[in-house]
Amino acid sequence: MTEFFHSCTTNERKKEIEELLNNFAQQTGAWRHCLFFLSNTRNEYVMMYSLTVFENLVNKLWIGVASQDKMEIRSCLPKLLLAQHKSVPYFIRNKLCKVIVDIGRQDWPMFYHDFFTTTLQLIQSPALAPLGLVMLKTTSEELACPREDLSVARKDELRKLLLEQVPAVLGLLTGILETYWDKHSVIASTPPPSPTSREMELLGSLFQGSQYSKLLCQPMAALDNDSHHLCCLVLECLAHLFSWIPLSTSITPTLLASIFHFARFGCDLRSKAKTGPFISSNSSTSNGQLNAGSIPPTSNGGPRTAQQSESSKVDRARLGVLAMTCINELVSKNCVPVDFEEYLLRMFQQTFFLLQRLTRENNAHTVKGRLQELDESYLEKFTDFLRLFVSVHLRRIESSPQFPIVEFLALLFKYTFNQPTHEGYFACLDIWSVFLDFLTTKIKSRLPDRDSVLNRYKDALVLLLREVLNRIQFRYNQTHVIFTLTVIFCIFCTPYQQTEWQRYLRQSLEVVAKVMELLPSHAFSTLFPVLQENLDVYLGLQQFIVTNGTTRRLNITAENDCRRLHCSLRDLSSLLQAVGRLAEYFIGEVFAARFNDALAVVERLVKVTCYGSQTSLYDLETAVPSVLKPDLIDVHAQALAALQAYSHWLAQFYSEVHNQNSTQFITLITSAIEASSPLITAKVPEKLLLSSCHLIISITSTVRPVFLVTLPGIQSIFNLITTENQTRRLPAEAHMLVCRALSNMLLLPWPNLPESDQQWQTRSSNHASLLAALTRDYRVLRGTVNITPRQPGLDGVKAVIQQTLPVLRDVVDSIAGESTKSRQICYQSLQESVQVSLSLFPVFIQQPDVTDEMLAFFLTLFQALRVQMGVTFTGQIIHTFLSMFTREQLAASILHEGSAGCRVVQKFLKILQVVVQEPGQAFKPFLPSILSLCMEQVYPLVTERSSTDIKAEMFELLYQILHQNWRYFFKTSVLTSVQRGGVEDTMENEAQFTAAMQAFGQSFLQPDIHIFKQNLSYLESLNSKHKLYHRKLFQTSMLFHFINVLLQVLLHKGHDLLQEEITLAIYNMASVDFDAFYSAFMPEFLSGCQGVDTSQRAVLARNFKLEQDLPSFTQSVQRLVNDLRYYRLCNSSLPTGTIKL
C-alpha cells in the first residue's frame, strides 16, 4: 500500500498492485485477514483498504456470507471501534462507523437487535458520547434515506423503526445540550449588559411574558474544548435528523430553547483575522479538536493567549452556525401540523430576540460594526432563516396578536441596511421583495381592508423606499464601506464591474417599483424631488461650456468638482432608470388619477433629452475624459430610454385627447422627435444612437401619431436612409432599427381613426419607395448572377445579400401580428425582392452562410406573409426547396455540428413546420413529399450522429405533421372513434405512420435527455388531442413496446430527472386497457426480466397492486423498479454455485 501511494511508483506498477489488491479482495474469507490487519497495523493506507474490503462485503456480498461469519463480523467490528476510536485518525474512525451502520442497515433488528441500543448507550456514557454521536449521525444519514441497494419494503421498515426511536433520541440530545449549558452557565461570572428601556419594550412585545426573555438573557455559557466539541456533534446530529423527521411534539419547547441558547453564540463579536477551518465530526485530528496552528496569532498580547482567544471565538461562532442550521431545517418545512404551530410561533419569537441582539447599538459598536465583526457563515444562516420565515411562514404568523410584525420589520430594516457585504445586502433585498409580493397579494384579496392593511405598514414602506433610493446614489455612499469599491470601480470600470453595478441597481429598482405599486403618491413624492435636484446640476452645465475655434470644452477642472460632478451624473443616470421603471404605474385604470404626475415626469424627460441633443454634451472635451465623457453619454442615453418607457402612457394620452385639444400631446411628440432625430448619424456614440433609435421605434409602433410623417426630423431620417451613395452609413444594428421605425410608421394603422381615413394609398406608395431604396443593390443581382460555381466577384454579391436580407427580415417580423392591410402593403413592397431571393437560392446552395441568411428570410416570410404570397408562389418556393435539398446536400450540410450548414437544415425544417400547420387543403399535396424527406432523408442522417438541434426540429416537424394532419392517417373523427370503442379505425398511409412511431420509439433508446423529454411530451399531446394510445393499430402492435421501453429506461436510470413524466406516460398507456396491462403485459414483462429468479418474479408481481388511480399506480411502478434493481444486485453478489430456495 505504501508503494502504491509513493510518488516514485510508475503507473504500470500501480496497475499491477491494484490488480493484486482486487484479486485479494475477491477471495472468500479475505475479511479475516483484513480484521487482523485492522487490529495490528498503524498504517493508514492498509486500514483504509481493509475497511473498503469490509464495505464491499457488507453492501454487495452480504446476502451470500455464512450466518456464522456474519455473527463474527457483527461482534468484532464494534469491539475494534471501542478499542481504537481514540488512537486512529478521524477518517478511519468514521469509515469504521459507516461499515457498522451498513451492517445495521441490512440486519437490524432481526439479526442485529442491539445495533441501535448500543449507539444510545454510547451517547449516554460521558467518555464515549462523541463516538456515539458520530454513530448516530451516520445512522441518520444511511438509514433514513438509504440508497437503492434495499427493497422498498426494507426501506419502509427502516424508516418506521427510526421514527419509533426519534422521541428517545431527541430526549437524549436535549439532555446533553441542557446539561452542558447549565453546567457551564453556573460558572459564568460576567453578567449580560442591561437592555435599554426601548429594548425591554420590544422584548415585552415579542414574548408576551417574562419566561423567554429571562431564558435568553441568561449569561452565555463558557464551554471548555471537550464540551464545545460534544455540543457541536449534538447540533450536527439534530440538523440531519430535522432534515427528515416530520414536525411533531417530539421536538419539545425545551429542545428548541436549548438550540436557541447555542444560536446566541453566533452573536458574539470576533476578531477580523482570517480563521482556520471549522471543526466537525470529520475534523483534522483524531479527537476532533480544532487545529490551533491554523489560526494566526493576533498582534495585541502574547501569541499563545491571542491564539487561544481567537480559537475560542471561532469555536463559539461554529456553535452558532450549527444551531441556526438546525433552526433553518425546521423552518424550511412548509407542512406544519396544527399542534406544532404554537412551537413555530415560539421559534420565531426566540429568533427575533437574536435579531434584536444582532441589530443592537451600544457605545462600543454601531450596528454595521457589530455585523462586520460577526462570522460570515452565521450571518448567511441568519439571512437564510429570515428568507424562509418571510417566504414560507409569514402568512401563518402575520395576523397573530402574539407576533409584532411591525417591530420585526423595523429590526429587518436595521439588519438589511447594515449588511457588511454586497451579497448579504442582495439577499436581504430579496427578502423585502418577497414581503412586498406577499403584501400586494394580500391587499388584492382583501380590497375592502386595503387602507387598514396599508396603514399598518405605511411607515415601514416609506422608510424602505427612502433608504433603497439613498443606496443607489453615490453622494450618500462615498463614505460607506459597502460602496467604497463601487465608487472606485465606476471611475476605473471593467465590464464585469459594470454588470455588478447594473445587477445592484436592477434589484434596488425592483424594490422601489413594488413599493410604488402599493404607495404610488408617496413613492412619486420621494423620487421626483431627488431627480429634479440632479437634473438642475445637469441642466446647469451649459454655462460651463467654452468654445475655442472648432473645439468645445467643459470648463470644470478641479479634482473635487470633477468627482462631485461624476457622482451627480451617476446618480442622475440611476434615478432616470428608476423613473423609467415606474412608468407602468401611471397607465391603465389609474391614468386619469395620476395624469399630472406622469405629465410632469414626461415633460422633464423631453426637456432633458432636447437639452442633451442641442448642447451635444456627448461631444465635449472634459478634464477627465475617461470618466466624465461616458457619464454624459450615459445620462443622455438613460433619459432617452426613460422617455421610451413612457410610450404606453403617451399612447393612452393620445387616445384620451384625440377629440379634444391635443396641443400638449403634439408638443411632447414633436419635442421627442427633435431630441432624437439629430442623433441618427454615424458620428454619434453608438450607445446614444441606439437609444434614440429605440425611442423612435416606440413612438412609431406604440404611440403611432397620425402627424408623425410630417415632422421635419422624421423626413430627414427618411432622406438619410433612402439617399444613394451615403458617405457614412449607419452601423448595421442602428440601420436596421431605423428601417423598422420608418416601415412601422407607414404600415401600422393609426389609432382612433376609421379605415377610410388611414390614407393607405399614400402610405403604400411611400413604403414601396422606402423598400425600393433599401433593396436597390439587391434587386439588380437577379440578372447578373448565373448558376456557376466559383464565379468571380461573388464575394461582393454575398455582402449585398448579407446586408439587405436581415433588414427585410426585421421589417417583416415587426408586422407579423398586425392587420391584413399592413401585411398586404408590406408584401407588395417586397414582392420583387422575394422573387430575386428565390432565383438566387440555387446559386448559393453550396454556401451555407448565405443559404442560412436566405432561409431565415423565407422562414420569416412563411410565418408572417404566407397568405399574402398566395398558394401558387408558396408552392413554387416549397418545390424549389424540396428539389434542392437532396440527401447528398443534406449530408454535406450537417457534416459539422453547430455549423452554418446545420443551421440551414434547421431553418428548412422550421419552414416545413409552418407549411404543415397551415389549415385548409392548399398545401396538402406537399405532405407526402415532406414526410418522405423527413423519414427517408433527414431521419437516417441524424440517427448516425448526435445533431441535437436538427433532431429536435425534425421530431417537431413529425409531430406537427401528425397533429395538424391527423386525418391524413385516420379518416374517422376522434368522436366517432371513441363512440365505437376505437375498433373501426379507417387507416390510410399506415406505413408512414408506423415509421413515424418507430422513430419516436427509437429516440427513447438514445442518451439525449432533451430529445427524450420533447418526444415524450409529443406522444402525450397526440394522445390527449387525438387519442393516439386508443387507436387500434397503436394498441395492437405498439403499446406494449412503448411501455416496455419506458420501464427499461426507468430500470437503467437512463433519465432519472424525468421519472415523473415517464411514469405518467406509462400510466396513460396502461389505462387504455388495465385488464390487458395486468393480465398480459406484466407477466410477459417479468418473464423477460434477466437477473431474477422465479420466486422473485412472483414477489414483484404480487407487490404490483392492481390499482387504477395514478398515485397508487405510480407507487407500484417505483416499487417494481427499485425492487427489480435490488434483486439483480443481490443475485449478482451471490457466490457461484449458491442454491436458491
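1. Glutamine 759 is partly exposed because its relative accessible area is 48% (buried means under 20%, exposed over 50%, and partly exposed in between, with a 1.4 Å probe and protein chains only). The backbone of glutamine 759 also deserves a look: phi is near 55°, a positive value in a residue other than glycine. Glutamine 759 sits in the loop that runs between helix H32 (732-747) and helix H33 (760-774).

2. A word on the basis of these notes. The model is predicted, so local features need pLDDT of at least 70 and side-chain atom pairs count only at pLDDT 80 or more, while totals for chains, interfaces and linings use all residues. Residues are numbered from 1 along each chain as its sequence is written, and side-chain values use heavy atoms, with hydrogens and water left out.

3. Now the overall picture. Of its 1141 residues, 54% count as buried. Among contacts between residues at least 6 apart in sequence, 76% join residues at least 24 apart (contact means heavy atoms within 4.5 Å).

4. The strands are worth a visit. Strand S1 (residues 545-548) and strand S2 (residues 551-554) pair in the antiparallel sense over 4 bridges (two strands pair if DSSP finds at least two bridges between them). Valine 546 has arginine 553 in S2 as its bridge partner. The two strands form a hairpin with 2 residues between them, and glycine 549 in the turn has a positive phi of about 70°.

5. Lysine 1027 is another non-glycine residue with a positive phi, here about 55°. Lysine 1027 lies in the loop between helix H45 (1009-1026) and helix H46 (1032-1037). With a relative accessible area of 33%, lysine 1027 is partly exposed.

6. Do have a look at the cis peptide bond, which runs from tryptophan 108 to proline 109 with omega near 5°. Proline 109 belongs to the loop between H6 and helix H7 (115-124).

7. What does histidine 85 touch, not counting residues up to four places away in sequence? The partners are Arg93, Leu128 and Leu131. Histidine 85 is placed in the loop between helix H5 (67-84) and helix H6 (90-107), and it counts as buried because its relative accessibility is 10%.

8. Helix H13 (residues 253-263) is mostly covered, with 9 of its 11 residues buried. Those buried in H13 include Leu255, Leu256, Ile259, Phe260 and Phe262, along with Ser258 and His261.

9. On to helix packing. Two packed helices are described by the angle between their axes and the distance between the axes. Helix H47 (residues 1039-1051) packs on helix H48 (residues 1059-1070) at an angle of about 155°, with their axes 10 Å apart (axes are lines fitted to C-alpha atoms, for helices over the stretch in contact, and angles run from 0 to 180 degrees between N-to-C directions).

10. Helix H40 (residues 900-917) and helix H41 (residues 927-943) pack at about 145°, with axes 11 Å apart, and their crossing is left-handed. Phe908, Leu909, Leu912, Val915 and Val916 in H40 meet Leu927, Ile930, Leu933 and Val938 in H41. The residues of this contact are 9 nonpolar, no polar and no charged.

11. Finally, the axes of helix H27 (residues 625-645) and helix H30 (residues 686-703) come within 9 Å and cross at roughly 10°. H27 and H30 are therefore roughly parallel to each other. Ile633, Asp634, His636 and Leu640 of H27 are among the residues that make the contact, as are Lys687, Leu688, His694 and Leu695 of H30. This contact divides into 6 nonpolar, 6 polar and 2 charged residues.

Terms used
Left-handed = near helix turned anticlockwise from the far one by under 90°. Nonpolar A, V, L, I, M, F, W, Y, C, P; charged D, E, K, R; others polar. Parallel < 35°, antiparallel > 145°, perpendicular 65-115°, else oblique.
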